[in-house]
Amino acid sequence: MTALLIPFLLTACGGGSSSSSGNALSESRAALGEALYHDVNLSLNRTQSCATCHSPDHGFIDNRLDANGRIGAASLGDNGISLGDRNAPSAAYSKFSPTFQATATRSRHNPHNNNNTYIGALGGFFWDGRAATLAEQAAEPPIGPAEMGLPDEAAAVARLMENEDYVEAFKVLFGDDIFDQTNAAYTAMAESIAAFEETEQFAPFDSKYDRSLTGDYALSFKELTGKAIFFSQFANCSICHQLHALGDPINKFRETFSGYEYHNIGIPENLDLRQLNGVTEVDLGLFANTAINDPADRGKFKTVGLRNVAVTGPYMHNGVFRELKTVVEFYDHFVNPVVRANNPETGVPWRAPEVPETVANDLLAVSDPMTDDQVESMVCFLRTLTDQRYEHLIKDNGISCDD
């Protein structure tokens, strides 16, 4: 519990004491950040907040429904017209992503076929790592033309100054002169939102998986089977989706199920989405990050954490897959091409990768073919990674995980 309190202590002590007027927003940067996170006034037309695309009620994703009554593959902007080309990733557990590094070395905890070391870009935020830190990520959407749409930082600060409680809180937490410079005030806003995203609300670690580690939940046979496959040498999941050693007495309770690496895993275009948004150019992924200049990084995307994965679809960087079972079968089709010849959602063969020349075939081939029962067991295990407050959102979709 002490570690979880540290962000509050640091931020509360960093900018001064609480206001004598009793303004609750002045108590800590996290408290101020929570208000900012939910404030639609930080968008041009006052229709969107951070919470619109990262809803606390639904795993911190954009759970708005599209014209077909399904959660959209990409987010609609504040102007009601702009539609992105990438799926909004969950903000849950995002604080654990390390600061972006263009080149880093990571030792894997469960290597297969000598894949024990990763060398390449690591960490950061967004699918391409273009924001190095959580605060940098929080700073982008309010002035993103296709997102919240404010024209510049000055416009955002002007919106802040409309709110007397904000003005008071900013001065208490960041100093009386915080609004003297637009950039300083805007940075303070982003840091406050990041402080809120660092709270326990975003990372409770109370899923069935977590409770099984403490003896408070007994995994079913299917869930245990899926867990065994996930961490075994017979599947490649844990190569990229395991951050800590299973035997680590402390960090095993803080597993985010991502090594924060970047890979091209052969995801096809989302043609349905592109028919709606009119995008035709190839998504270069990591290579679009200005810190990256190696063409070998074309089409690579950040390895997302698997916390709440059962309730945060659609999946992949472009939302091309709707079902978690489809994702598992997609991975399996690289080593099980006859049985998994077709995408189960479309009934036709899997489409070609959008960027075929950099697909990580060496990693994708490190696995044994799965049976249908094993695929279902894997889905059942992934469901156990759901925070307790989101368990009611899990849809069986024909798969029962009970003994």
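Is Glu-329 buried or exposed? Glu-329 is buried, with a relative accessible area of 7%. Buried here means under 20% relative accessible area, exposed means over 50%, and partly exposed lies in between (1.4 Å probe, protein chains only).

The model is predicted: local features need pLDDT of at least 70, side-chain atom pairs count only at pLDDT 80 or more, and totals for chains, interfaces and linings use all residues. Residues are numbered from 1 along each chain as its sequence is written, and side-chain values use heavy atoms, with hydrogens and water left out.

Stay with Glu-329. Its salt-bridge partner is Lys-325, and the closest N and O atoms are 2.6 Å apart. A salt bridge is a side-chain nitrogen of Lys or Arg within 4 Å of a carboxyl oxygen of Asp or Glu. Both residues sit in helix H12, 4 residues apart, about one turn of the helix. Helices (H or I, at least four residues) and strands (E, at least two) are DSSP runs, numbered from the N terminus. Lys-325 is partly exposed, at a relative accessible area of 29%.

Now look at what H12 packs on. Two packed helices are described by the angle between their axes and the distance between the axes. H12 (residues 324–333) packs with H14 (residues 372–383) at an angle of about 125°, and their axes are 9 Å apart. Axes are lines fitted to C-alpha atoms, for helices over the stretch in contact, and angles run from 0 to 180 degrees between N-to-C directions. H12 and H14 are therefore oblique to each other. Angles under 35 degrees count as roughly parallel, over 145 as roughly antiparallel, 65 to 115 as roughly perpendicular, and the rest as oblique. The crossing of H12 past H14 is right-handed. A crossing is left-handed if the near helix is turned anticlockwise from the far one by less than a right angle, and right-handed if clockwise.

Which residues meet between H12 and H14? From H12 come Leu-324, Lys-325, Val-328 and Glu-329; from H14 come Val-375, Met-378, Val-379 and Leu-382. By class, the residues of this contact are 6 nonpolar, no polar and 2 charged. Nonpolar covers Ala, Val, Leu, Ile, Met, Phe, Trp, Tyr, Cys and Pro; charged covers Asp, Glu, Lys and Arg; the others, Gly among them, are polar.

Arg-340 also touches these helices. Arg-340 lies in the loop between H12 and helix H13 (361–364). Arg-340 is buried, at 3% relative accessibility. Beyond its neighbours within four places in sequence, Arg-340 is in contact with Glu-329, Asp-332, His-333, Trp-350, Met-370, Thr-371, Asp-372 and Val-375. Contact means heavy atoms within 4.5 Å.

Next, the other salt bridges. The structure holds 23 of them. One pairs Arg-86 with Asp-283 at 2.7 Å, N to O. This pair links distant parts of the chain, 197 residues apart. Arg-86 is in the loop between helix H3 (50–53) and strand S1 (101–107), and Asp-283 in the loop between helix H11 (271–277) and strand S4 (301–302). Asp-283 is buried, at 8% relative accessibility.

Another salt bridge joins Arg-211 to Glu-391, with the closest N and O atoms 3.3 Å apart. Arg-211 lies in helix H8 (residues 208–213) and Glu-391 in the segment after H14, so this pair ties together parts that are 180 residues apart in sequence. Arg-211 is buried, at 16% relative accessible area. Glu-391 is partly exposed, at 22%.

H2 passes H6 in a left-handed crossing. Arg-29, Leu-32, Ala-35 and Leu-36 in H2 meet Tyr-166, Ala-169, Phe-170, Leu-173 and Phe-174 in H6. This contact has 8 nonpolar, no polar and 1 charged residues.

Finally, check the backbone. Gly-313 and Pro-314 are joined by a cis peptide bond, with omega about 5°. Pro-314 lies in the loop between S4 and H12. Phe-60 has a positive phi, near 60°, and is not a glycine. Phe-60 sits in the loop between H3 and S1 and is buried, at 0% relative accessibility. Phe-126 also has a positive phi, about 70°. Phe-126 lies in the loop between strand S2 (117–122) and helix H4 (134–139), and is buried at 17% relative accessible area.
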